Amino acid sequence: MLSSKVEELMNAQIEKEGYSSLLYLSMASWAESKGYPGISEWLYAQADEEKNHMLDFVHYVNDWLWKAVIPVLKKPTASYSNVKVLFNDVMSHEQFISASINDIVAMCMEERDFTTQNWLQGFVAEQIEEEASVQAILDKLNLVGEHNMYMFDRDIVSMRNDSSSEDTA
Ligand SMILES: [Fe+2]
Ligand SMILES: [Fe+2]
């Protein structure tokens with residue numbers, strides 16, 4: 001059933017996925033300028049993935065006879081005091097996105113839009129993977145400590161390959 005309340009939240013999600021992409025792009029650029037090629041590669045790839053999420057929402061909204069709105073995005077933070085602060089921000093942001101997806105699922109149930117609710121399950125599963133992969137990075141950062149960023153920067157690329165092979169959404 002077409003619900004304008006669900007349409008509104010789906011459009012808000014287009015904006016959030018777009019902002020995720022910009023945020024990770026900004027983080028990638030910071031990491032690149034600080035001389036962390038591995039971390040920046042991980043973040044550039046993450047930015048691409050978020051742009052694809054945004055497009056998934058745009059296509060779904062238009063296919064479902066609503067109207068997708070392409071938003072103006074706010075400017076993301078351009079600098080970070082260190083890599084750990086950056087990845088803590090990634091984690092907070094992914095938790096915010098997970099909560100947002102759950103809110104849309106709840107609204108779909110209220111509005112009896114079971115088609116969209118079903119479509120969103122791919123994103124519910126994706127968010128579990130995203131949070132788990134960022135948690136693995138934070139655990140690794142704690143292990144190597146602040147003085148061995150060379151090793152962390154080298155290892156993070158393979159950590160992405162491990163998780164992205166299972167990506168579906
Ligand atoms: Fe996303
Ligand atoms: Fe994400």
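Colleague: How do I read a helix here, and how are helices and strands numbered?

Modeller: Helices (H or I, at least four residues) and strands (E, at least two) are DSSP runs, numbered from the N terminus. This is a predicted model: local features need pLDDT of at least 70, side-chain atom pairs count only at pLDDT 80 or more, and totals for chains, interfaces and linings use all residues. Residues are numbered from 1 along each chain as its sequence is written, while chains are lettered from A and ligands numbered from 1 in the order in which they are written.

Colleague: How many helices and strands does the protein have?

Modeller: It has five helices and zero strands. From the N terminus the order is α-α-α-α-α.

Colleague: How confident is the predictor, on average?

Modeller: pLDDT is the predictor's confidence in each residue, from 0 to 100. The mean for the protein is 93, and 94% of its residues reach 70 or more. Residues 164–169 stay under 50. Where pLDDT is low, the predicted coordinates should not be read in detail.

Colleague: What is the overall extent of the C-alpha trace?

Modeller: Along its principal axes it spans about 55 × 30 × 20 Å. The radius of gyration is taken over C-alpha atoms, and the globule rule is 2.2 Å times the number of residues to the power 0.38. For 169 residues a compact globule would have a value near 15 Å; the protein has 17 Å, which agrees.

Colleague: Which residues of α3 are buried?

Modeller: A residue is buried if 20 or more other C-beta atoms lie within 10 Å of its own, exposed if 12 or fewer, and partly exposed in between; C-beta atoms are placed from the backbone. In α3 the buried residues include L86, F87, V90, H93, E94 and I97. An α-helix has 3.6 residues a turn, so residues three or four places apart point the same way. Across the protein, 31% of the 169 residues count as buried.

Colleague: Which residues have the most contacts inside the largest nonpolar core?

Modeller: A nonpolar core is a set of buried Ala, Val, Leu, Ile, Met, Phe, Trp, Tyr and Cys residues joined through C-beta atoms within 7 Å. The largest has 20 residues; Y24, M27, A28, A31, I39, L43 and F87 have the most contacts inside it. Its largest share, six residues, comes from α1. A second, separate core of twelve residues includes M10, M54, F57 and I104.

Colleague: Is M54 buried or exposed?

Modeller: M54 is buried, with 22 other C-beta atoms within 10 Å. Its place is in helix α2. Two residues are in contact if their C-beta atoms, placed from the backbone, lie within 7 Å. Beyond its neighbours within four places in sequence, M54 contacts I14, E17, G18 and S21. M54 and S21 are 33 residues apart in sequence and 8.5 Å apart in space, C-alpha to C-alpha.

Colleague: Where does L65 lie?

Modeller: L65 is in the loop between α2 and α3. Its phi is positive, about 65°, although L65 is not a glycine. With 8 C-beta neighbours inside 10 Å, L65 counts as exposed.
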